[in-house]
Amino acid sequence: MATLTVPSAVPSASEDCEQLRKAFSGWGTNENLIIDILGHRNAEQRNLIRKAYGEAYGEDLLKALNKELTSDFERLVMLWTLDPAERDAYLANEATKRWTSSNQVLMEIACTRSANQLLHARQAYHARFKKSLEEDVAHHTTGDFRKLLLPLVTAYRYEGDEVNMSLAKTEAKLLHEKISDKAYSDDDVVRVLGTRSKAQINATLNHYKNEYGKDIIEDLEADSEDDFLALLRSTVKCLVYPEKYFEEVLRSAINKRGTDEGALTRVVSTRAEFDLKIIADEYQRRNSVPLTRAIGKDTRGDYEKMLLVLAGHDEA
Amino acid sequence: MALPNGIEALDKAFSGIGVDEKSLIDILAKSNDEHKKSLRTGCPKLFTEDENGFERLDQSYIKNLQHQFNRFRDAVVLSLMHPWERDARLIEEAIKKGPKHYNVIVEIACTRSSNQLLGARKAYHSLFDSSIEEDLATHIQATERKLLVALVSAYRYEGPIVKEDVVKSEAQILYDALNNAGENNPLDHEDAVMILATRSKPHLQALYQHYNKAYDKTLTQDLEEGILKDTIECLCTPEAYFTRVMEAAVEQDADEESKAALSRVIVTQKEGYVPNKIKDSLSGLYKDFMLGLIASRDVEENNS
């Protein structure tokens with residue numbers, strides 16, 4: 001469930017554009033107005049606003065935002081304004097360039113989006129970067145990481161609920177064997193995680209737990225230093241219980257000394273219009289404090305305000 | 001009332017690709033019992049003398065006849081179906097039938113546009129309640145798996161932009177994979193598979209040209225028949241690939257699969273030259289249909 005709230009009477013795109021233009025003009029910037037408008041519009045509405053802004057003022061709204069805003073607030077607003085497909089393409093492209101946590105972002109996008117959402121991201125990638133997502137991932141990752149990530153980003157998983165129980169049994173056994181042999185990047189492990197439907201994987205992992213007494217995640221904790229194993233664990237979580245995965249990312253981002261704004265921005269901007277409510281519930285369950293309160297304590301200024309608006313916290 | 005050319009005509013009616021329905025009607029409708037007997041005795045390919053005093057039909061030939069008579073029907077179905085369903089069903093069939101049919105998977109994955117391939121993947125979900133990649137990965141154990149799964153999962157960029165320096169370095173990588181690998185199967189060469197499975201077609205075609213110039217031979221020249229050769233041909237020189245498939249259909253000892261490929265190629269390809277020797281080997285309604293399809297694409301080409 002989304003945390004984004006949109007007013008019941010939404011101004012027209014051109015009215016919104018006028019207001020945004022006003023927010024940019026004169027001395028300084030009226031950040032509150034920007035938050036008020038963009039923070040309460042869904043993807044379709046934001047697209048219309050961008051289009052109208054371009055037509056009215058001959059400039060891409062995103063460029064204007066880039067000029068007027070700074071730092072974490074700017075990045076959050078910029079990412080939020082993009083529609084989900086473009087946002088995922090942007091984040092994925094960025095992830096093929098940077099060093100740390102880039103594999104995680106690629107995996108996160110590939111595994112927590114629906115088959116069609118991932119597809120749209122790939123289409124947006126073509127349009128924006130004039131290449132395919134997979135060729136960049138292939139070019140910029142190596143070894144076991146590439147072996148796992150390529151199938152993940154190119155999958156078009158079946159999305160039905162049908163599950164083959166005997167297949168689940170066979171594949172649970174197969175996974176158990178490979179894991180016991182520490183063959184974590186084995187072809188079959190990659191095949192199961194990279195091609196099966198989420199429902200099928202879920203059934204397989206349930207069977208794994210019933211048959212072997214342990215959650216597969218536990219069996220993948222052999223080496224806490226092993227980055228590939230960490231990615232594999234996250235992959236499993238993203239595929240079968242994404243809200244737990246996101247809760248962990250948020251918790252770690254908030255608790256980290258100084259806050260990991262990158263992760264916080266990414267999770268809030270990418271999930272606000274999908275399942276941030278469910279993630280927030282999970283957060284509260286685990287940490288006994290509402291997500292919005294934790295965000296409020298850990299961030300400041302316009303960045304904090306925008307995060308809270310997107311997380312559904314309405315200031316009185 | 002014996003028709004002097006009955007036996008020859010009968011043989012001819014069944015010998016092409018497709019069946020000459022008109023000829024068969026002409027021969028058989030007017031045949032009396034005696035004439036039919038002389039037809040049977042004159043066709044040792046179809047009939048052998050049974051010890052109990054009758055000319056017995058060769059059962060294995062019946063299968064061949066079935067294929068021949070079904071050719072028109074199959075081509076109609078292929079032509080009528082939505083291209084996405086058609087391609088999804090072709091892939092599913094190829095997976096079931098085994099290694100000799102993997103070239104069909106390569107053909108579809110590599111010669112369709114990005115959106116057409118995507119459509120096939122969607123249709124596959126609807127038709128078979130699973131994804132192409134999971135079925136491929138499950139049914140194919142051997143080295144071919146990596147390449148095939150990767151090809152089918154691609155959503156290639158379709159613009160013209162090509163980076164020359166990348167073309168050069170990747171031509172080198174492919175050269176190493178194909179020539180210096182020694183014991184190693186090029187299909188196991190991860191970088192080679194990545195290049196073929198992720199790069200855009202314009203990029204790969206530029207790579208093909210560059211390789212030719214740099215190493216004085218084509219990418220496929222030294223390759224054995226198989227999916228690697230098919231892949232490179234389909235991506236870089238599709239016309240050569242399709243011509244090869246069509247010519248295989250009319251060879252002396254062409255098997256049923258090669259002949260069936262003819263329908264697939266003519267029905268699914270909107271352009272490309274069909275050599276006269278191919279057209280001449282067709283028969284009956286099937287021939288009319290194929291020639292009609294070929295003619296309408298020539299019209300489109302002339303109009304464009």
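Which residues form a nonpolar patch on the surface, with about 210 Å² of accessible area together? In this predicted model, the patch is made up of Phe72(B), Val76(B) and Leu285(B). Patches consist of residues with over 30% relative accessible area and no salt bridge, where like charges are joined within 9 Å and nonpolar side chains (Val, Leu, Ile, Met, Phe, Trp, Tyr) within 5 Å. Accessible areas come from the Shrake-Rupley method with a 1.4 Å probe, and for residues only the protein chains shown count as cover.

Some notes on reading the values come next. Residues are numbered from 1 along each chain as its sequence is written, while chains are lettered from A and ligands numbered from 1 in the order in which they are written. Because the model is predicted, local features need pLDDT of at least 70 and side-chain atom pairs count only at pLDDT 80 or more, whereas totals for chains, interfaces and linings use all residues; side-chain values use heavy atoms, with hydrogens and water left out.

Helices (H or I, at least four residues) and strands (E, at least two) are DSSP runs, numbered from the N terminus. Val76(B) has 31% relative accessibility and therefore counts as partly exposed; buried means under 20% relative accessible area, exposed over 50%, and partly exposed in between (1.4 Å probe, protein chains only).

Ser283(B) belongs to the loop between helix 16 (276-280) and helix 17 (284-303) of chain B. Its relative accessibility is 9%, so Ser283(B) counts as buried. Apart from neighbours within four places in sequence, Ser283(B) is in contact (heavy atoms within 4.5 Å) with Ala13(B), Gly16(B), Ile17(B), Gly18(B), Val19(B) and Asp20(B).

In helix 6 (residues 102-111) of chain B, nine of the 10 residues are buried, including Tyr102(B), Glu107(B) and Cys110(B). In helix 20 (residues 301-310) of chain A, the buried residues are Tyr303(A), Met306(A), Leu307(A), Leu308(A), Val309(A) and Leu310(A). Among the elements covering them are helix 2 (31-38), helix 5 (71-81) and helix 17 (261-271) of chain A. After helix 20 of chain A comes Gly312(A), with a positive phi near 90°.

Ser288(A) has a phi of about 55° and lies in the loop between helix 18 and helix 19 of chain A. With 64% relative accessibility, Ser288(A) counts as exposed. In chain B, Asp129(B) also has a positive phi of about 55°, and its place is the loop between helix 7 (114-128) and helix 8 (132-139). Asp129(B) is partly exposed, at a relative accessible area of 40%.

What about the cysteines? A disulfide is a covalent bond between the sulfur atoms of two cysteines. Counting pairs of cysteine sulfur atoms within 2.5 Å, the structure holds zero disulfides over all chains. Cys238(A) is in no disulfide, and the nearest cysteine sulfur, in Cys111(A), is 5.7 Å away. Cys238(A) is buried, with a relative accessible area of 1%. For Cys110(B), the closest cysteine sulfur is that of Cys234(B), at 5.6 Å, which is too far for a bond. Cys110(B) counts as buried, at 1% relative accessibility.

Charged side chains give another view. Side chains of opposite charge can pair when their charged atoms come close. A salt bridge is a side-chain nitrogen of Lys or Arg within 4 Å of a carboxyl oxygen of Asp or Glu, and the whole structure has 52 salt bridges over all chains. In chain A, Asp136(A) and Lys131(A) meet in one of them (3.1 Å, N to O); Asp136(A) is buried, with a relative accessible area of 3%, whereas Lys131(A) is partly exposed, at 22%. In chain B, Asp11(B) and Lys45(B) form a salt bridge of 3.0 Å, N to O. Asp11(B) lies in helix 1 (residues 6-15) and Lys45(B) in the loop between helix 3 (33-41) and strand 1 (47-50) of chain B, so the pair ties together parts that are 34 residues apart in sequence. A network of salt bridges links Glu171(A), Lys178(A), Asp186(A), Asp188(A), Arg191(A), Arg196(A), Glu134(B) and Arg145(B).
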